[in-house]
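Subject: Handover of a protein structure and findings

Dear colleague,

Please find below the structure that I am handing over to you. My findings follow it, arranged by topic so that you can read them alongside the sequence.

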Amino acid sequence: MPSELRKRRGCKYWIKLLSVGLFGGVLLAYLGYLVISVEAMIQPARASICCETPGDLGLKYETITLTADDGVTLAGWYIPSRNAAAVILLHGYGANRTEMLGRAEILARHGYGVLLYDERASGESGGDLRTYGWLDVQDVPVALKYVRGRADVNPARVGILGFSIGGQIAIRAAAHSDQIKSVIAEEPGFARITDSPYLPDLSDEVIWVGYWIGERILTLRTGVPMPAGVLDELPLIAPRPILFIATGQDYGRLLIQHFYEQASEPKAYWEVPETYHGGSPSARPEEYEQTIVSFFDRTLSPEN
């Protein structure tokens with residue numbers, strides 16, 4: 001390059017060139033981070049369930065295996081019903097059915113049959129990939145068929161309680177099955193970033209864009225199409241009742257309030273702002289028990 005051309009370009013040219021290079025480098029690094037994050041998120045969360053069972057809580061139970069429509073096996077427990085009603089419990093992301101044992105004990109103590117199972121690629125269940133709950137919705141009808149076929153259960157008296165990602169799965173599954181008579185969505189996550197309420201901060205916008213890109217990376221990596229969001233599915237649940245449970249003072253609580261506002265009647269909302277994600281049963285044990293049991297007593301009553 002002639003020396004006079006380099007001189008004419010001056011400092012501004014080189015500053016602009018450096019800025020473009022830095023921006024490009026940051027963008028590539030950010031995309032790389034998202035790819036790595038998605039890859040980590042979809043890996044199986046295997047865990048041997050060996051040391052804590054309903055039996056340790058004094059409950060009679062059966063070890064069961066469900067088979068999903070695509071052949072994936074789902075490991076679980078079933079606690080027989082004493083009141084002819086039953087509830088399906090769904091755990092959070094990266095956890096397994098032991099996360100829901102406390103909730104199962106509450107419901108079983110009040111006579112409810114309870115089905116707990118490890119979601120696909122979690123705990124002792126089969127499956128090669130976790131998909132942020134996207135594929136797990138198709139497994140709920142299998143669990144529902146099992147519960148409704150039990151001799152101890154009236155098939156018209158089956159509800160569902162999902163925590164965190166399990167809450168998201170429960171909402172989307174209930175939207176497409178009127179055999180689920182009532183829903184408790186305990187701190188449900190979003191299925192799509194478009195479920196999120198508007199947050200004006202720049203940092204929130206960056207996170208929003210990151211999730212938007214991440215969804216597309218997840219689809220490309222797994223081959224699983226992006227599903228409808230929670231907000232798209234919520235109107236399909238009515239006229240069946242839904243109860244939302246929220247905690248904390250941050251985004252998670254705002255998200256649950258957003259879901260509640262968008263849901264159709266009949267609906268209910270209960271929050272425990274002084275605790276953390278999943279902390280309601282320990283923060284207010286008596287009130288938590290009263291809340292979930294009275295909800296199912298009312299919505300799964302033989303008179304309904």
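How much space lies in the second largest pocket? The volume is about 350 Å³. Please bear in mind throughout that this is a predicted model.

Pockets

The second largest pocket has a lining of 17 residues, and those nearest its centre are L34, S37, G210, Y211 and G214. Two elements, α1 (3-42) and α5, each give two or more residues to this lining. Helix α5 provides the largest share, with seven residues. By class, 13 of the lining residues are nonpolar, three are polar and one is charged.

The largest pocket holds about 530 Å³ of space. Its lining consists of 29 residues, and F190, Y211, Y251, G252 and L255 lie nearest the centre. Here the elements that give two or more residues are α5 and α7 (251-262). The lining divides into 16 nonpolar, eight polar and five charged residues.

Salt bridges

The whole structure contains 15 salt bridges. I describe some of them here.

Are the two partners buried or exposed? R120 counts as buried because its relative accessibility is 5%, whereas D70 counts as partly exposed because its value is 44%.

A salt bridge also joins the side chains of D118 and R97, at 2.4 Å from N to O. D118 is in the loop between β5 and β6, while R97 is in the loop between β4 (86-90) and α2 (101-109); this pair, too, links distant parts of the chain, 21 residues apart. Both D118 and R97 are buried.

The salt bridge between R103 and E186 has its closest N and O atoms 2.9 Å apart. Because R103 lies in helix α2 and E186 in strand β8 (residues 183-186), the pair ties together parts that are 83 residues apart in sequence. R103 and E186 are both buried.

Finally, E62, R150 and D152 are linked in a network of salt bridges.

Surface patch

Which residues form a nonpolar patch on the surface? They are W208, V209 and W212, and their accessible area together is about 270 Å². W212 belongs to helix α5 (residues 202-222). With a relative accessibility of 37%, W212 counts as partly exposed.

Backbone features

Two peptide bonds deserve a separate mention. The bond joining A238 and P239 is cis, with omega about 10 degrees. P239 is located in the loop between α6 (230-233) and β9 (242-247). The bond from E265 to P266 is also cis, and its omega is near 0 degrees. P266 is located in the loop between α7 and β10 (267-272).

A84, which is not a glycine, has phi near 70 degrees. This residue is in the loop between β3 and β4, and A84 is partly exposed because its relative accessible area is 27%. E187 is likewise not a glycine, and its phi is about 50 degrees. The loop between β8 and α5 contains E187, which counts as buried because its relative accessibility is 6%.

Yours sincerely,
A colleague

Key. Residues are numbered from 1 along each chain as its sequence is written. This is a predicted model: local features need pLDDT of at least 70, side-chain atom pairs count only at pLDDT 80 or more; totals for chains, interfaces and linings use all residues. Side-chain values use heavy atoms; hydrogens and water are left out. Patches are made of residues with over 30% relative accessible area and no salt bridge: like charges are joined within 9 Å, nonpolar side chains (Val, Leu, Ile, Met, Phe, Trp, Tyr) within 5 Å. Accessible areas come from the Shrake-Rupley method with a 1.4 Å probe; for residues, only the protein chains shown count as cover. A salt bridge is a side-chain nitrogen of Lys or Arg within 4 Å of a carboxyl oxygen of Asp or Glu. Helices (H or I, at least four residues) and strands (E, at least two) are DSSP runs, numbered from the N terminus. Buried means under 20% relative accessible area, exposed over 50%, partly exposed in between (1.4 Å probe, protein chains only). On a 1 Å grid over the protein atoms alone, a cavity is a set of points where a 1.4 Å probe fits but cannot get out, and a pocket is an open set with protein on both sides within 12 Å along at least five of seven lines; lining residues have an atom within 4 Å of a point. Grid points are joined across faces, edges and corners, and a volume is the space filled by probe spheres set on the points. Ala, Val, Leu, Ile, Met, Phe, Trp, Tyr, Cys and Pro count as nonpolar, Asp, Glu, Lys and Arg as charged, and the others, Gly among them, as polar.
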